[in-house]
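Dear colleague,

I am handing over the structure below, together with notes on what turned up when I went through it. Please read them with the coordinates open beside you.

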Amino acid sequence: MLSVAPWLLALSVAGHLFMVAFQAKMTMIDLLVYRNGSPHLFSGDLYEWRLDQYADVFPLPFTYPPFAAAIFTPMSWVPWEASRWIWQLICLGCLYFIVRTSLKLLRLPDPRRAMMWTALTLWIEPVRTTLNYGQINLVLVAILIGTLASARNWVGGAGVGFAAGIKLTPAISGLYFLVQRRWMAAVWSFVAFAAVYGIGWAISPSQSDKFWFQLLGDASRVGPVGSAINQSLRGALSRTVGYDVKTGPVYIVAVLVAAALTWFAVSRTRDVLALIVSVQMLGLLVSPISWSHHWVWMVPALLWLVHEGGHLLCKITAGLWVLLTGGYLISFLLLAQPNIWDFPRPWVFVVLGWGYPAAGVLTLVAIGLAARRERTEPRPGGEEAADGEPSRVAG
């Protein structure tokens, strides 16, 4: 199989680029938001602006911090057709980097294996929807997995702070440093985040004040919490009970359970990729909004479950991820729901709507069980540090 990996990757990429060329299901609506909305940072109406194109039901707002708008603004200087191609090529490169880095952490550095997995994961639902919408998920995952795996505290911290300055959800990655007791990396992440916040504030104090002190935490502004595309615990719970649970008791209990399972997964493992995946699963579960395309973190999770997880539950969970994402479950549920706002669902759709959160929870349990079977095996990055700190990959 590995011998044909280069050809498989070439065919896979060619098929994707064909879709880009002929715009088949490739509206890249989120890329339009990034590109067309960002210049409004400088006119002072960034968070009043809406994209009406392709979004009659819910005109899309710009939902990222001001620093992100500053980063995206150069896109507006490039013709739209060129922007589409540039972004797609960047995302394809990021997907390969994510797979290659994950396999290196698993001590499987063969580039042909990375080619094979890239060719296959290119067609699973979270990756496809990220590419179809022109989303930034693959870029952020590449930044985070590349820097978190580094033994250099300033590299890891800067990566987390920079990514969190673009989109707030990567801030959960700071827990990785706390679990590993890498206090200086945590400090660096705070310094980097403060720096990018300062840049945004310097460019537009009014827009920074509005985002951080008025709009932050308003999930309804981001989109429909109850839609099947929201695969967070809050989304699944809301569809189950028939209304938005918000941050009420039901949601708090679910967050506590997710946190406990994450601790179960990370407390006894020295596996760098397992730690990274566990922290990211927690972030996806507890975030108010985790669109199905945010779950591109299941790519390194799947690689770990297949290649490293020796427990039977690891194989079962890997199979579940393949079934859910290869079968395009969320796309089916989106077609089946009457609209994006109504919470009531037939019970079968309510159950199916738990797909990604259930697989995320099982991933945490599988990592925890596997860690307890192989507690003494050295992990990537060499021997355990003399101070008892978990081993990690130098970068």
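The second largest cavity holds about 50 Å³ of space, and it comes from a search of the whole structure that finds 3 cavities of 30 Å³ or more. Please keep in mind throughout that this is a predicted model. The residues lining the second largest cavity are Ala228, Arg239, Leu333, Gln337, Arg345, Phe349 and Gly353, and by class that lining has 3 nonpolar, 2 polar and 2 charged residues.

Next, the charged pairs. Side chains of opposite charge can pair when their charged atoms come close.

In one of them, glutamate 48 pairs with lysine 210, and their closest N and O atoms are 1.9 Å apart. Glutamate 48 itself is partly exposed, at 40% relative accessibility.

Another salt bridge joins arginine 234 to aspartate 244, with 2.8 Å between the closest N and O atoms. This pair links distant parts of the chain, 10 residues apart, since arginine 234 is in helix 13 (residues 233-241) and aspartate 244 in the loop between helix 13 and helix 14 (249-266). Arginine 234 counts as buried with a relative accessible area of 7%, and aspartate 244 is also buried, at 19% relative accessibility, where the cut-off for that class is under 20%.

A further salt bridge is formed by aspartate 110 and arginine 112, whose closest N and O atoms are 3.3 Å apart. Here aspartate 110 is partly exposed, its relative accessible area being 23%, and arginine 112 is likewise partly exposed, at 40% relative accessibility.

Which residues of helix 14 are buried? They are Tyr251, Ala254, Ala258, Leu261, Thr262, Ala265 and Val266. Because these residues cover an arc of only 125 degrees around the axis, they are on the same side of helix 14. An α-helix has 3.6 residues a turn, so residues three or four places apart point the same way. On the other side of helix 14, the exposed residues are Pro249, Val253, Leu256 and Trp263. As for its dimensions, helix 14 has 18 residues and reaches 26 Å from its first C-alpha to its last, which is close to the 26 Å expected at 1.5 Å a residue.

Most residues other than glycine have a negative phi. Arginine 181, although not a glycine, has a positive phi of about 60 degrees; arginine 181 sits in the loop between helix 9 (174-179) and helix 10 (183-203) and is exposed, at 60% relative accessibility. Tyrosine 328, also not a glycine, has a positive phi of about 55 degrees; tyrosine 328 is found in the loop between helix 17 (312-326) and helix 18 (329-336) and counts as partly exposed, at 27% relative accessibility.

Finally, alanine 69, in helix 3 (residues 66-72), is buried at 0% relative accessibility. The C-alpha atom of alanine 69 is separated by 35 Å from that of leucine 11, the two residues being 58 residues apart along the chain.

How values were computed:
Residues are numbered from 1 along each chain as its sequence is written. This is a predicted model: local features need pLDDT of at least 70, side-chain atom pairs count only at pLDDT 80 or more; totals for chains, interfaces and linings use all residues. Side-chain values use heavy atoms; hydrogens and water are left out. On a 1 Å grid over the protein atoms alone, a cavity is a set of points where a 1.4 Å probe fits but cannot get out, and a pocket is an open set with protein on both sides within 12 Å along at least five of seven lines; lining residues have an atom within 4 Å of a point. Grid points are joined across faces, edges and corners, and a volume is the space filled by probe spheres set on the points. Ala, Val, Leu, Ile, Met, Phe, Trp, Tyr, Cys and Pro count as nonpolar, Asp, Glu, Lys and Arg as charged, and the others, Gly among them, as polar. A salt bridge is a side-chain nitrogen of Lys or Arg within 4 Å of a carboxyl oxygen of Asp or Glu. Buried means under 20% relative accessible area, exposed over 50%, partly exposed in between (1.4 Å probe, protein chains only). Helices (H or I, at least four residues) and strands (E, at least two) are DSSP runs, numbered from the N terminus. The expected span of a helix is 1.5 Å times one less than its number of residues. The arc is that of the directions from the helix axis to the C-beta atoms.
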